[in-house]
Amino acid sequence: MPANTFYNDFDRATLETGQKPRRRGPDRSEFQLDRDRIIFSTAFRRLQNKTQVFQAGEYDFYRTRLTHSLEVGTIAKSICQHLRATSRVLREDFHLDLDLVEAVSLAHDMGHPPFGHAGERVLHRLMEKYGGFEGNAQSLRILTRIIYDQKDGRFGMAPTRALLDGILKYKRLFRDRNGGHNHFIYDDQAEYLEFCFGTADLATALPADLSPNGFKSLECQIMDAADDIAYSSFDIVDSIKARFLTAREVTECLELGYIGRRTGSEEKDARLLWLTDDDRAQLEKLRGHIIDGFYDASLNKNIGRLIQSCSLAERENFMAARSNRYRYELVVPPELKREMKVMKELARRYVFQNSLMHQMEFKGNKILESISEAFEANYLEKMPAPGGAALVLVSDHSHAALLAEPEPARRARMICDYLAGMTDAYAVRQYKRLYAPDYGSISEIL
């Protein structure tokens, strides 16, 4: 098989500072090593018990963060195969690497905490004075700093530049977020922007009408599109099976002429999604499939149509001459983006704004806030000197690492790492262990 010239040494270069050295060999490419290190990691396995839409473990057929990530990886690879078969640019010796695209897709949600986006919001609120919390930034932190927890410290996995750039869905630093509560990376991750682009100030290198968060590598765009396809198809299926979304709700949207909920606020009501004729046809079709029970097969079939709508186009930017990852971009027709938006808004209105989901969100917030309060009181507010007598509220190894860290902001980030790494079930058990008088198990692993 001829060598793939789509990627060059710049793309394959690895981040080495503070990383676990790679064991290179002739059998696997750099991108295969990226993928394998992700799949074999503890952080990836934990996704099997983290919420995607509905709380993990409640029923056996709902998607979790793990099944979602696997589905995104499969869709992303299918997009690559479609592009290779249909694009006049790609060929046998010049094509997208499936291992790289899969690695980007599998890693994109590794940093998400327990209890889904609700957990992400509460951790950001708790960490705002220490630099905030963001799921994408935490994925980056896992890959570059803490994926390996060993006796002599925590290390990153020495990711390739192409992988690191591929998961950089957001490139705006926390300090530059202008009050926004998400879509940023941590300030101390500016070095990774420097590694990927030769500058930590992307805004000065980009046109005025393009924000750093809108500047994505081709692999990142493919992952992002696959994520949208999965969300707008599979998550809708789960919502229907859970009976949060029925034919009645779809009928309500058709009768109202919009998707959303009026609040009386002119600014918020302006965000309502008003239905076009194409939107109505889409919802009529969905309602029919819900009534006859064939919504699952119909939405799955729709995934193929969305994949086959993708194409490649050339673009100009300051990175295009350096890497084909920026010489080309993914094109998804506007009408299909609109279809996915309709599905997203449908889920937002009837699932995420449902009172039952709000109650679960309230409980998840309470659990994370309470655990965090205990950890902060023990490891931040009355922190003893190294070797002191703080209560051991985390694993022995994490406890020793916290006691050895003199900088409060870094201790806070380590506590956040511990909280974000919890599965839903583990967070519930930790809360009970700390606060429930009638709960206790001295044999349970911390």
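Seven helices and strands, α3 (42-45), α7 (135-146), β2 (153-155), α9 (190-197), α18 (355-381), α19 (396-404) and α20 (408-420), each put at least two residues into the lining of the second largest pocket. Keep in mind that this is a predicted model. The biggest giver is α7, with six residues in the lining of the second largest pocket.

As for the space itself, the second largest pocket holds about 1,100 Å³. Its lining runs to 46 residues, and Arg 46, Ile 146, Asp 149, Arg 154 and Asp 417 come closest to the centre. By type, the lining splits into 22 nonpolar, 14 polar and ten charged residues.

Now over to Ser 309, which sits in the loop between α15 (295-307) and β5 (311-314). Its relative accessible area is 15%, so Ser 309 counts as buried. The Ser 309 side chain reaches the backbone oxygen of Leu 306 at 2.6 Å. Leaving out residues up to four places away in sequence, Ser 309 touches Val 331, Val 332, Pro 333 and Leu 336.

| Cysteine | Closest cysteine sulfur | Sulfur distance |
|---|---|---|
| Cys 80 | Cys 310 | 9.7 Å |
| Cys 220 | Cys 196 | 11 Å |

A disulfide needs sulfurs within 2.5 Å, so the 9.7 Å from Cys 80 to Cys 310 is too far for a bond. The 11 Å from Cys 220 to Cys 196 is too far for a bond as well. Cys 80 is buried, at 3% relative accessibility, and Cys 220 is buried too, at 0%.

Methods:
Residues numbered from 1 in each chain as written. Predicted model: local features only at pLDDT ≥ 70, side-chain atom pairs only at ≥ 80, totals over all residues. Heavy atoms only, no water. 1 Å grid on protein atoms, 1.4 Å probe; cavity = no way out; pocket = protein on both sides within 12 Å on 5 of 7 lines; lining within 4 Å. Points joined across faces, edges and corners; volume = space filled by probe spheres on them. Helix = DSSP H or I, 4+ residues; strand = E, 2+ residues; numbered from the N terminus. Nonpolar A, V, L, I, M, F, W, Y, C, P; charged D, E, K, R; others polar. Buried < 20%, exposed > 50% of the residue type's maximum accessible area, 1.4 Å probe, protein only. Polar contact = N/O pair within 3.5 Å; in protein donor to acceptor, adjacent residues only side chain to side chain. Contact = heavy atoms within 4.5 Å.
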